[in-house]
Amino acid sequence: MNTQVNSAASGSGLVPALERMFRFQWEPAQQAYVLLYPEGMVKLNQSAGEILSLVDGERSVVDICAALMERFPDAGDLSSDVLEFMEVAREQRWIHYR
């Protein structure tokens, strides 16, 4: 895990934002959230869609984790899963940190 994500885990308040070339939306034909970009589309699984639905360029990673734990109280602490996904999303260049 990179230093930025480790900092987010410790509460630094890093704020993820979607890269400009991507558009996040619900796609009825796919019955899933997707990331659209000029060359195509990435169909997201339910977990990825729930996480990215909260990436608005204003919420910190810590805020996103808290919101997901409020939405899904039976799931327990989702922080490590969210941080792991954020790292993958950053590596895929879907998001960047402000």
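E19 touches R93, W94, I95 and H96, with residues up to four places away in sequence left out of the count. Contact here means heavy atoms within 4.5 Å. The model is predicted: local features need pLDDT of at least 70, side-chain atom pairs count only at pLDDT 80 or more, and totals for chains, interfaces and linings use all residues. Residues are numbered from 1 along each chain as its sequence is written, and side-chain values use heavy atoms, with hydrogens and water left out.

Stay with E19 for a moment. This residue sits in the loop between β1 (16–18) and β2 (23–27). Helices (H or I, at least four residues) and strands (E, at least two) are DSSP runs, numbered from the N terminus. E19 and I95 lie 76 residues apart in sequence, yet their C-alpha atoms are 5.0 Å apart in space. Is E19 buried, exposed or partly exposed? E19 has a relative accessible area of 25%, so it counts as partly exposed. The classes are buried under 20% relative accessible area, exposed over 50%, and partly exposed in between (1.4 Å probe, protein chains only).

I95 leads on to the nonpolar core. Such a core is a set of buried Ala, Val, Leu, Ile, Met, Phe, Trp, Tyr and Cys residues joined through side-chain atoms within 4.5 Å. The largest one has 23 residues, and I64, V82, M86, W94 and I95 have the most contacts inside it. At least two residues of this core come from each of α2 (46–52), α3 (61–71), α4 (79–91) and β5 (95–97). The most come from α4, which gives five. In soluble globular proteins, nonpolar side chains tend to be buried together. Take M86: beyond four places in sequence, M86 touches P16, I51, V55, I64, I95 and Y97.

Now look at α3. Its buried residues are V61, I64, C65 and L68. They cover an arc of only 100° around the axis, so they lie on the same side of α3. The arc is that of the directions from the helix axis to the C-beta atoms.

With neighbours within four places in sequence set aside, E50 is in contact with L68, R71 and F72. E50 belongs to helix α2. Its relative accessible area is 19%, so E50 is buried. The side chains of E50 and R71 make a polar contact (2.6 Å). That term means a pair of N or O atoms within 3.5 Å; within protein, one must be able to donate a hydrogen and the other to accept it, and residues adjacent in sequence count only if both atoms are side-chain atoms.

Three strands form an open sheet in the order β2-β3-β4, with antiparallel pairing. Because β2 and β4 (40–43) stand at the edges with a single partner strand each, one side of each has no neighbour in the sheet. Neighbouring strands are turned by 35° against each other on average, direction ignored. Axes are lines fitted to C-alpha atoms, for helices over the stretch in contact, and angles run from 0 to 180 degrees between N-to-C directions. Two strands pair if DSSP finds at least two bridges between them.

Five bridges join β2 to β3 (residues 32–37). E27 has A32 as its bridge partner in β3, and F24 has L35. These two strands form a hairpin with four residues between them, and Q31 in the turn has a positive phi of about 50°. Four bridges join β3 to β4. Y37 stands opposite G40 in β4. This hairpin, β3 with β4, has two residues between its strands.
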